[in-house]
Amino acid sequence: MRNDGRPIPTLEVSAAQQQIHLHTFFILQEVTATSRHYVDRLFDPDPQNVLQGVIDMKNAVIGNNKQKANLIVLGAVPRLLYLLQQSSSSLELRTECAVVLGSLAMGTENNIKSLVDCHIIPALLQGLLCSDLIFIEACLRCLRTVFISPVTPVQLLYTDPTVIPHLMSLLSRSRHTKEYITQIFAHCCKTPEHQTVLFNHSAIQNIAPLLISPSDKVRMQALKCFSVLAYENTQVSMTLVNVLVDGEQLSQVFVRMMQRDKPIEMQLTAAKCLTYMCRAGAIRTDDNCIILKTLPCLVRMCSKERLLEERVEGAETLAYLMEPDVELQRIASFTDHLVSMLADYFKYPSSVSAITDIKRLDHDLKHAHELRQAAFKLYASLGSNDEDIRKKITETENMMDRIVSGLSESSIKVRLAAVRCLHSLSRSVQQLRTSFHDHAVWKPLMKLLQNAPDEVLVMASSTLCNLLLEFSPSKEPILDSGVIELLCSLTQSDSPALRVNGIWALMNMAFQADQKVKVEIVRALGTEQLFRLLSDPDTNVLMKTLGLLRNLLSTRPHIDQIMSSHGKQIMQAVTLILEGEHSIEVKEQTLCILANIADGNTAKELIMTNDDMLQKIKYYMGHSNVKLQLAATFCISNLIWNEEDGSQERQDKLKDMGFVDILHKLTQASDPNLCDRAKTAMQQYLA
Amino acid sequence: MSGPSSGCGFLMSVVVHGDLALNEQEKDLNQRLRRLYPAVNEEETPLPRSWSPKDKFSYIGLSQNNLRVHYKGHGKTPKDAASVRATHPIPAACGVYYFEVKIISKGRDGYVKYMGIGLSAQGVNMNRLPGWDKHSYGYHGDDGHSFCSSGTGQPYGPTFTTGDVIGCCVNLINNTCFYTKNGHSLGIAFTDLPPNLYPTVGLQTPGEVVDANFGQHPFVFDIEDYMREWRTKIQAQIDRFPIGEREGEWQAMIQKMVASYLVHHSYCATAEVFAKSTDQAVHEELASIKNRQKIQKLVLSGRMGEAIETTQQLYPSLLELNPDLLFMLKVRQFIEMVNGTDSEVRCLGGRSPKSQDSYPGSPRLFNSPVHKVEMEVDHFSNGVSESSSNGFLNGSSTHGIDLEECDGDMVDSAQSKRQLCGGSQAAIERMIQFGRELQSMSEHLRRERGKNSANKKMLKDAFSLLAYSDPWISPVGYQLDSIRREPVCSTLNSAILETHNLPKQPPLALAVGQAAQCLSLMARTGSGSCAFASVDDYLH
């Protein structure tokens with residue numbers, strides 16, 4: 001057995017398959033015969049013959065995918081790598097090996113997989129330590145081709161910690177090293193960790209000068225590096241604003257790259273860089289380079305003249321840019337008819353493409369989902385703050401229908417974007433009252449809530465919260481659809497966002513609701529779960545749960561009924577919260593609940609008979625925070641209210657406990673509300 | 001009554017100040033317009049620079065050099081609407097045209113702020129807002145609607161009010177129009193626009209005031225970036241222009257053009273190599289090319305006498321048959337004599353200190369004969385008359401002083417170069433004698449062939465050189481520049497080629513000229529893409 005990494009190809013065909021494959025077999029045999037010849041020559045004892053063999057192989061594989069696949073099957077790769085790594089090989093041979101490997105990598109994704117499986121990456125990275133520039137360039141070219149393939153795990157670039165600094169040191173060696181290395185970085189920077197590694201090895205200082213390179217390719221790859229480095233990275237973005245390239249600020253260099261006569265890819269990537277820097281807080285949203293340059297550039301990318309891919313990226317980047325800023329949303333809403341321009345995103349595949357051109361149909365189909373989700377995202381961002389813009393969006397042709405069908409699309413990305421869009425529009429009271437009801441958006445929304453991944457659920461339940469607001473005409477039909485069980489189950493989720501939304505929706509639902517609904521909520525949720533939520537680590541959940549309690553405990557009959565069945569637990573929970581370490585808002589909300597309880601007929605007694613609770617109320621009446629004083633005073637005021645049974649006794653008891661003195665003191669309070677409230681309470685004693 | 005008089009004085013000072021500011025603004029404006037619209041020939045199609053005081057409704061008032069518009073009507077009903085047009089329509093050769101209007105005041109409260117910015121053709125009723133009538137287009141501030149030759153608007157953009165800057169861009173390539181608000185493009189408003197539209201604004205509310213910017217100030221919107229996009233588009237269209245199956249012929253044709261160009265200008269060595277390497281035949285004998293090259297070299301180095309002589313030797317009948325050409329060559333020879341470069345004066349022209357010593361006396365010596373020539377020139381041109389002889393007299397006396405001053409110093413070579421006829425007395429006399437011959441030749445020509453205004457002007461300009469103490473810095477001094485030899489050279493070259501039945505212009509120059517002609521024809525017929533297809537862009 002020879003031990004030179006050479007596999008012995010076998011062709012095993014089962015009897016049944018034999019006949020079917022007979023034809024293919026002969027062709028394969030024919031091809032492999034010539035290919036085998038190339039591989040055989042790699043094993044020639046004469047180095048000169050080996051070199052000639054590699055050169056011939058190089059010429060044979062250029063542009064010939066079948067030949068490439070054959071050579072790989074026949075085991076050329078391990079031998080080429082062996083020759084490339086051998087220090088006894090001549091530099092010329094090693095270089096030619098790298099060139100052939102680079103050619104093989106240019107083939108199909110399967111080729112790349114085979115190469116990676118043969119450990120081509122460490123071998124080539126090792127090759128970079130050689131001092132010969134031509135050889136380094138050949139290795140880099142092959143590495144570039146391997147790394148930009150989606151099948152190569154980018155992590156392989158970071159396995160050996162010495163690789164990145166070495167690549168940085170090679171960067172400025174030649175035009176080719178610049179191009180290949182920046183291209184590798186641009187493709188292999190996918191996570192915050194990658195960004196940090198590159199940043200720590202001075203990627204910014206090393207790559208910035210390449211932005212003004214005379215080579216288009218180098219400029220473009222350098223620009224791409226900055227866009228992946230700056231994405232959601234404050235550290236990089238803050239550093240970038242202070243970088244000067246040939247005496248010019250980097251942001252100005254990017255602005256120049258967005259000029260309309262520059263290649264579209266360059267304009268788009270430069271706009272991305274500025275967008276990321278802006279979102280990271282390194283550039284203000286009212287800076288001219290954002291308002292007058294980046295935003296219009298991104299709107300242009302959404303136009304019908306651009307390629308589908310560019311339109312998707314343009315819309316997504318624009319949505320991201322203006323998400324937090326209402327002024328940018330306003331400007332974008334009237335720039336170049338953006339709102340109606342986006343309507344076109346839903347027209348793929350167009351009916352024309354189906355008939356005229358199969359290739360085009362295929363292309364359209366591939367991008368249709370991407371286009372739709374990008375448009376929904378951009379609409380969501382546009383409408384997140386301004387009522388007029390929301391109106392403009394809902395008035396766009398078939399908009400609501402598109403959202404409704406988007407909610408039930410098979411692509412999860414589209415569903416998520418559609419529900420985001422719906423959520424954004426649901427912040428409009430007017431739309432809730434009109435278009436939302438007209439199109440019965442609650443139906444697909446409810447369906448979506450039945451079975452969806454968490455990120456969709458968060459958006460959908462948040463939208464549902466708005467649809468359950470008291471003035472929303474959709475509230476009734478939603479209630480009838482058995483939503484309570486669903487929301488209660490959300491409150492048990494592991495995700496705090498889902499728990500908040502679940503309880504929030506219940507809170508909205510309980511606001512001024514019928515007794516029947518309230519009872520149903522309490523029943524479905526169960527007191528156990530209610531109290532679990534009251535000790536939820538997430539303050540938002542706690543606040544909304546208190547809000548729910550407060551909404552449940554409104555109007556006397558409801559208060560008395562709920563307190564009669566759950567009074568003990570509720571009082572316990574209230575005590576617990578008032579004694580615990582909580583924010584002013586939480587305590588205020590709790591005291592408000594107590595005040596509601598004090599408003600009940602029978603419920604009152606739960607407080608009056610609880611001296612400990614009365615002491616607590618007393619304590620909060622003298623608290624340093626006016627809001628808490630106000631809520632506590634409100635509670636006492638309800639307890640001593642004249643016109644109710646037993647008011648005299650209660651007044652007496654509280655007087656004995658010293659509440660009158662406190663109320664008297666509070667009538668002198670500097671806060672006018674508190675002062676008024678105390679005076680009103682005092683009047684109960686006088687009457 | 002001291003009030004009015006002091007008021008008058010104040011007014012005058014303001015006017016003077018205003019003039020200075022105006023000049024500055026005018027300069028800015030011209031510069032910006034030239035940069036934005038390089039393809040526009042303003043002699044044919046002037047650009048709009050202000051509102052027209054003649055082309056407006058009476059309710060419109062203009063101020064601030066006709067850039068500010070205010071409304072002075074009642075503003076009660078649409079019948080009170082009033083518009084004003086710019087002084088000129090938008091020339092097609094702009095390619096992309098842009099102007100901005102700033103809303104200074106939205107007008108008195110209690111009125112709906114009707115206000116329209118847009119375009120209209122000549123003759124459209126001015127008692128209306130832009131957009132309401134045929135061939136009229138407007139964007140209105142009260143509702144943000146666009147009006148396309150109709151009384152009903154379409155939802156278009158946001159509303160606008162005091163402080164906003166509204167821009168209007170006409171694309172003369174695809175005949176569309178879009179507006180901008182505070183530097184943001186609002187998207188296409190109108191398509192299929194007719195040619196020759198005027199910038200127009202219309203107002204209908206008392207107190208409304210708007211200012212126009214036709215290029216007086218930098219624009220808020222980056223119009224140059226938009227132009228860049230269209231320049232790129234047009235140039236890509238040109239680059240991608242299909243040449244079809246004749247690709248092989250195409251290459252051969254280009255090679256032929258290059259070769260003929262080289263031959264035409266007698267770059268014989270280059271032409272020979274080029275022809276050989278591209279496998280072409282040269283349609284002229286090498287010797288003939290070399291002869292032409294020799295003559296051209298003589299002309300271009302200012303040795304006109306030798307050039308004429310050589311031409312007469314090599315092409316005996318050429319100048320005999322072309323007396324006008326000969327005359328032109330001789331006039332050039334005269335100029336070169338003044339220059340001190342012509343062979344006839346060079347051989348006389350000693351540059352020794354001795355010849356310089358004789359200067360102080362010289363002005364008087366050459367004074368009278370030249371004066372005589374001047375007088376004779378006057379004979380056949382009333383236009384020149386006294387002023388030129390006055391200028392001559394003044395000039396000559398200054399000349400004398402100058403020379404005396406020069407004499408005091410050591411004369412350096414740079415100065416001696418700039419002496420009349422190279423500084424030699426004999427040369428000056430030869431020049432004067434030559435001038436006389438030229439004069440009589442001119443008279444002879446006139447008798448034989450009738451009046452020729454070109455010849456007359458040529459001779460007058462050449463003789464005018466003598467009217468100045470330093471002809472090089474005189475208003476007619478440009479004639480002495482060596483670059484002026486080039487047209488003479490090419491005319492002579494063309495004449496020689498014509499006698500050999502060869503084209504008097506190389507096909508390459510013809511093609512370039514034709515392209516330039518096409519572009520100006522496009523400008524005249526309203527094809528805006530001519531703005532971004534300058535021939536010069538392709539010659540570098």
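Modeller: Rings of Phe, Tyr and Trp (its six-membered ring) pair if their centres lie within 6.5 Å; planes under 30 degrees apart are stacked, over 60 edge-to-face, and the rest tilted. By this rule there are 24 aromatic pairs over all chains. One of them joins Tyr98(B) and Phe219(B), edge-to-face, with 4.9 Å centre to centre and 80 degrees between the planes.

Colleague: Where do Tyr98(B) and Phe219(B) lie in the chain?

Modeller: Helices (H or I, at least four residues) and strands (E, at least two) are DSSP runs numbered from the N terminus. Tyr98(B) is in strand 5 (residues 96-106) of chain B, while Phe219(B) is in the loop between strand 14 (208-213) and helix 2 (223-239), so the pair links parts of the chain 121 residues apart.

Before we go on, this is a predicted model: local features need pLDDT of at least 70 and side-chain atom pairs pLDDT 80 or more, while totals for chains, interfaces and linings use all residues. Residues are numbered from 1 along each chain as its sequence is written, chains are lettered from A and ligands numbered from 1 in the order written, and side-chain values use heavy atoms, leaving out hydrogens and water.

Colleague: Are Tyr98(B) and Phe219(B) buried or exposed?

Modeller: Buried means under 20% relative accessible area, exposed over 50%, partly exposed in between (1.4 Å probe, protein chains only). Tyr98(B) and Phe219(B) are both buried. Then there's Tyr139(B) with Tyr179(B), a tilted pair at 5.0 Å centre to centre and 55 degrees between the planes. Tyr139(B) sits in strand 7 (residues 136-140) and Tyr179(B) in strand 11 (residues 176-181), 40 residues apart. These two tyrosines are buried as well.

Colleague: Which residues do ring pairs link into a cluster?

Modeller: Tyr98(B), Phe178(B), Phe219(B), Phe221(B), Tyr226(B) and Trp230(B).

Colleague: What about a charge over a ring?

Modeller: That needs NZ of Lys or CZ of Arg within 6 Å of the ring centre and within 35 degrees of the ring normal. Lys233(B) lies over the face of Trp230(B), 4.0 Å from the ring centre. In chain A, the charged end of Arg279(A) sits over the Tyr320(A) ring, 4.4 Å from its centre.

Colleague: And where is Trp250(B)?

Modeller: In helix 3 (residues 247-264) of chain B. Trp250(B) is partly exposed, with a relative accessible area of 38%.
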